[in-house]
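Trainee: Could you show me how to read the features of a model like this one, step by step?

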Amino acid sequence: MRESLLKISLVALVGILGAQAVQAGDLSIESWRVDDQELWEKDLIPAFEKAHPGIKVKFAPTAPTEYNASLNTRLTGGTAGDLITCRPFDVSLELFNKKQLADLNDLEGMKNYSDVAKSAWSTDDGKSTFCVPMASVIHGFLYNKDIFDKLGLKPPATEEEFFKLLETIKTKGEGITPLALGTNDGWEMHQVVYTSIGPNYWKGEEGRKALVTKDAKLTDAQFVAPYEQMAKWAPYMGEGYKAQTYGDSQNLFSLGKAAIYPAGSWDIAFFNKDAEFKMGAFKAPVAKAGDQCYISDHNDMAMGMNPASKNQADAKVFLNWLASKEFAELYANKVTGFFPLANHDIKIEDPVAAEMVSWRKDCKSTIRLNAQILNRGKDDLEAAFWNAGQSVVNGTAKPAEAAAKVQEILAK
Amino acid sequence: MASRSRFPWHILVFILPGFIIYTLFSAWPLLDTMFLSLFKQASSGERVFSGLANYQELLSDPHLSEGFWNALWNNFKFFLVHVLVQNPIGLLLAALLSLKGLHGAKTYRTLIFIPTLLSVVVIGFTWQLILSPLWGITPNFLKSIGLGTWFQPWLGQEHTALLTLALISVWQFVGVPMMLIYASLIAIPDELIDAARVDGASAMRIFWQIKLPLIVPTLGLVTILTFIGNFNAFDLIYAVKGVLAGPNFSTDILGSYFYRTFFGAQSSLGSPTMGATVATVMFLIILMGVMIYFYVVQRRIHRYQL
């Protein structure tokens, strides 16, 4: 009963949204970034229109939770915009397979992107790319510089240093919680922790691809080891971490009550606004000094073209502009914590964001472990990963057990 | 009388609006849901008739059934807490409120009933704050009375999360059984009580042997309402723990399990047909409970003409 009602209201909603007719001749952008509306209207679109007079662009976002469903309906009904903001991996791939996203292999701007950057919007064999990559998020650790200075600490490079650091903060920190992290919500355990500290063990893309080709299993040492490290974090996470939410962790860190915050780069903007101390960032520590480092540099957003668009030539002009240095610089500095994926050498003004993006020079980038192909199984692999991370840190499952359980779901 | 043979059109006219609304918004969606559960959806979007295959898959294929049985068992525990805690407390409060000459009875009654009127989102958020290990008042309160070591992050532990949520729900809804029982308690004629008192019965004895037998039908009604409410529950779990009903599905009940099946959760896509199957099974469970109550329990309840 409940779902039928919801279906009706969803259809009604989509009908209303679809009714916003697109004016002929203008380019209309579909997006879920409602938060960025002002940014697009005040900065990005004027910059484009200045460079390309004669093309008018309209930004028409839909709320993130409704985006996939309502976009689907509009594409099917023929009322979707000319440019479509692409979710990473399977969601967009499915649209491409249904011929609702155009093939962009011939687009000139595509040469500005590496294969890893394009991987989220390419077919499995890598032969066709259908969206221009726009932004990625990078994972690492943020730290409170004031606390570090007071205790005479410096960012750790190796795992051993990292644990020594945590111990020092715990014993000498006078009530400062070493790690601002809780297991209540679960998703951070996987997306911010496991896939951030893990690539150093499974050697980034090499390990991820081995998992895709089934040459490796999650029960292999390189995939269990991150869980072993996570299990050792619990004593440094402060009392009651099991009921600590993501919001709690953010507040704990921004109030200066915690020293280190395992972060995604999108958190920078939040702390820039709320935190009153100096902030720094360090990448996931490696096992031994001098080891090759790997970072989680996850593709998040791209833009494709609606093959039914009447303004394909103009749309391509816009997509090429997205691949330009001008856009990359503008976007990176306006949306702190979302990094452009193009190979341009750009200057990022925010010091913490600049630090994070500089890791790309020394370290190899990889995307989140299960984002590509692996999630296609019948069972919810992503949820299984969340629960595994949560159980390991909560101490209700041993690292090997947790990994075995996820492998079982992956193998199905 | 000449009018006897005429068809009573006015009855039809009075019934029709309700009948249409009920059919359109309740009966038809229910039947449609049941119908939908007999299909399977291919990835291309086509629906193929598959008989009872969805039910078989739900109850026997481990990738679905493990979650389903876990949710059913959790839901049963959730219900048990309500029956064992909420309803006795409701009875106790109603008995106290119906005492003659209790000062401020109306105020208490209103205060106890207020949480029922609040949005579940507000309740969930408030209790999360009260029990928060970081900002909550509970850890400090326990410390101040010397029981600091008793504090645990109850909402975050697998073995305590469900019980905690059930108790939050009890706190919110205890006003409902209290009101229903209270209403039937004050409906007991004073003569009966007076007669018992003249015969020398104590207040305790009056309650157990006069009042309680008279309100047993109400207690039965409260239990079955609790059953229906609990097996349809979803909002509190969703508001506090999200779609995954963590940690590790320990607070997953049928409502949240249904939500994940129908809408999908993280990397699993939702399935309207399998969702309809879960919804139908939930409906059948509730139907079964209500039938057992009506055919077995209610018939044996002795009613007294007052």
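Trainee: What should I keep in mind about the kind of model and the numbering?
Mentor: This is a predicted model, where local features need pLDDT of at least 70 and side-chain atom pairs count only at pLDDT 80 or more, while totals for chains, interfaces and linings use all residues. Residues are numbered from 1 along each chain as its sequence is written, and chains are lettered from A and ligands numbered from 1 in the order in which they are written.

Trainee: How many helices and strands are there in chain A?
Mentor: Helices (H or I, at least four residues) and strands (E, at least two) are DSSP runs, numbered from the N terminus. Chain A has 18 helices and nine strands. Its radius of gyration is 22 Å, close to the 22 Å that the globule rule gives for 412 residues, so chain A is as compact as a globular protein of that length. That radius is taken over C-alpha atoms, and the globule rule is 2.2 Å times the number of residues to the power 0.38. The C-alpha trace of chain A spans about 65 × 45 × 40 Å along its principal axes.

Trainee: What percentage of the residues in chain A are buried?
Mentor: We call a residue buried if 20 or more other C-beta atoms lie within 10 Å of its own, exposed if 12 or fewer, and partly exposed in between, with C-beta atoms placed from the backbone. In chain A, buried residues make up 50% of the 412. For contacts, the C-beta atoms of two residues, placed from the backbone, must lie within 7 Å. Of the contacts in chain A with a separation of 6 or more, 79% are between residues 24 or more positions apart.

Trainee: Which domains is chain A divided into?
Mentor: Domain bounds come from an automatic or database domain assignment. Here chain A is divided into domain 1 (17–135 + 299–350) and domain 2 (138–297 + 368–411). Their centres, taken over C-alpha atoms, are separated by 31 Å. Eleven residues of domain 1 of chain A are in contact with 13 residues of domain 2 of chain A. The domain 1 side of that contact divides into five nonpolar, three polar and three charged residues. In this scheme Ala, Val, Leu, Ile, Met, Phe, Trp, Tyr, Cys and Pro count as nonpolar, Asp, Glu, Lys and Arg as charged, and the others, Gly among them, as polar.

Trainee: How many residues does the contact take from chain B and from chain A?
Mentor: It takes 29 residues from chain B and 30 residues from chain A. On the side of chain B that touches chain A, the elements giving two or more residues are helix 1 (9–36) and helix 13 (272–300) of chain B. Helix 1 of chain B provides the largest share, five residues. That side of chain B divides into 14 nonpolar, 13 polar and two charged residues.

Trainee: Which residues of helix 10 of chain A are buried?
Mentor: Gly207(A), Arg208(A) and Leu211(A) are the buried ones. Seen down the axis of helix 10 of chain A, they fall within an arc of 100°, so they line one face of the helix. The arc is that of the directions from the helix axis to the C-beta atoms. Their cover includes helix 9, helix 11 (221–231) and strand 9 of chain A.

Trainee: Is Val192(A) buried or exposed?
Mentor: Val192(A) is buried, with 24 other C-beta atoms within 10 Å. Val192(A) sits in helix 8 (residues 187–197) of chain A. Leaving aside neighbours within four places in sequence, Val192(A) is in contact with His139(A), Pro262(A), Ala263(A) and Gly264(A).

Trainee: And is Lys378(A) buried or exposed?
Mentor: Lys378(A) is exposed, with 12 other C-beta atoms within 10 Å. Its place is in the loop between strand 9 and helix 17 of chain A. Not counting residues up to four places away in sequence, Lys378(A) touches Lys412(A) and His63(B).
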